[in-house]
Amino acid sequence: QVQLVESGGGSVQAGGSLRLSCAASGSISSINVMGWYRQAPGKQRELVARISSGGSTNYADSVKGRFTISRGNAKNTVVLQMNSLKPEDTAVYYCNADLRVVGLLTYIDYWGKGTLVTVSS
């Protein structure tokens, strides 16, 4: 059983900062990519940022220069530092991991339950 648990969401005023963390646990053999997606009301889920096992990162254009994704100090964790937040960043943020379970050969996508980020103007 694999679980992804997010923490760190909340409410903040525009211009503020929040830090999201995600921890993957369970029978994990290896993780290829971990990342964050978000879904605002009435919109499709979109990529925010992701980081590979080698440390390569990708960001949505809308968050470049404001958000930073990094591997956490603990194994199988990822952190999203969000600065200069805008009202349009308001969404449910989901942690995602492309990982391989012990005993299996293929990588599969796993998702957390999401954490709400609300940015007020």
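Trainee: Where is Ala40 found?
Mentor: Ala40 is found in the loop between E4 and strand E5 (46–52). A strand here is a DSSP run of E with at least two residues, a helix is a run of H or I with at least four, and both are numbered from the N terminus.

Trainee: Before we go on, what sort of model is this?
Mentor: It's a predicted model, so local features need pLDDT of at least 70 and side-chain atom pairs count only at pLDDT 80 or more, while totals for chains, interfaces and linings use all residues. Residues are numbered from 1 along each chain as its sequence is written, and side-chain values use heavy atoms, with hydrogens and water left out.

Trainee: Back to Ala40, then. Leaving aside neighbours within four places in sequence, what is Ala40 in contact with?
Mentor: Thr90 and Ala91. Contact means heavy atoms within 4.5 Å, so both residues meet that cut-off with Ala40. Ala40 and Leu116 are 76 residues apart in sequence, yet their C-alpha atoms are 9.6 Å apart in space.

Trainee: What makes Tyr37 and Trp111 an aromatic pair that is edge-to-face?
Mentor: Rings of Phe, Tyr and Trp (its six-membered ring) pair if their centres lie within 6.5 Å; planes under 30 degrees apart count as stacked, over 60 as edge-to-face, and the rest as tilted. The count by this rule is 1 aromatic pair. Tyr37 and Trp111 have 5.0 Å centre to centre and 65° between their planes, so they pass on both points.

Trainee: Why is Tyr37 called buried?
Mentor: Buried means under 20% relative accessible area, exposed means over 50%, and partly exposed is in between (1.4 Å probe, protein chains only). Tyr37 has 18%, so it counts as buried. Trp111 has 36%, so it's partly exposed. Ser84, at 40%, is partly exposed too.

Trainee: What makes strand E1 and strand E3 a pair?
Mentor: Two strands pair if DSSP finds at least two bridges between them. Strand E1 (residues 2–7) and strand E3 (residues 18–26) have 6 bridges and run antiparallel, so they qualify. Leu4, for instance, has Ala24 in E3 as its bridge partner. E3 also pairs with strand E8 (residues 77–82), again antiparallel over 6 bridges, and Leu20 has Leu80 in E8 as its partner.

Trainee: How many helices and strands does the chain have?
Mentor: There are 0 helices and 11 strands.

Trainee: What is the phi of Asn76?
Mentor: About 60°, which is positive although Asn76 is not a glycine. Most residues other than glycine have a negative phi. Asn76 lies in the loop between strand E7 (67–71) and E8.
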